[in-house]
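Hi there,

Here is the structure I promised to pass on to you. Have a look at it first, and then read my notes below.

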Amino acid sequence: MTISQKELKKSKDLVEKLLKVNGNKYNDWLHQQHQQFIEENQDLILQALSAFTGHEEEEEEKSEPKVNEQVSVRPTSIPVTQN
């Protein structure tokens, strides 16, 4: 589905106004939406990174890391530049 720039602007303006009425900022809300989407697609991101680095998931499943070699991976936020 293709959305025209006019439709996109209309939706954005409405969301900005609704958020403002509730005391929220559009950029904060948008950043939260981005973070939620990233978290929901974390498995895909990790698969893509594994493929990019040349490591297959099968290889990782076959060899279990030693206890002192385990690394905890936590998602971090991605800075958003404001225009």
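The protein chain has four helices and zero strands, where helices (H or I, at least four residues) and strands (E, at least two) are DSSP runs numbered from the N terminus. Read from the N terminus, the order of elements is α-α-α-α.

Please keep in mind that this is a predicted model: local features need pLDDT of at least 70, side-chain atom pairs count only at pLDDT 80 or more, and totals for chains, interfaces and linings use all residues. Residues are numbered from 1 along each chain as its sequence is written, and side-chain values use heavy atoms, with hydrogens and water left out.

Of the 83 residues, 5% count as buried; buried means under 20% relative accessible area, exposed over 50%, and partly exposed in between (1.4 Å probe, protein chains only). The chain's accessible surface is about 8,400 Å², with 54% of that belonging to carbon and sulfur atoms (Shrake-Rupley method, 1.4 Å probe; for residues, only the protein chains shown count as cover).

Now for a contact to find on your screen. The count of salt bridges (a side-chain nitrogen of Lys or Arg within 4 Å of a carboxyl oxygen of Asp or Glu) comes to one. Asp13 pairs with Lys9, and their closest N and O atoms are 3.0 Å apart. Both residues sit in helix H1 (residues 5–21), four residues apart, about one turn of the helix. Asp13 is partly exposed at 26% relative accessible area, while Lys9 is exposed at 52%.

Happy exploring!
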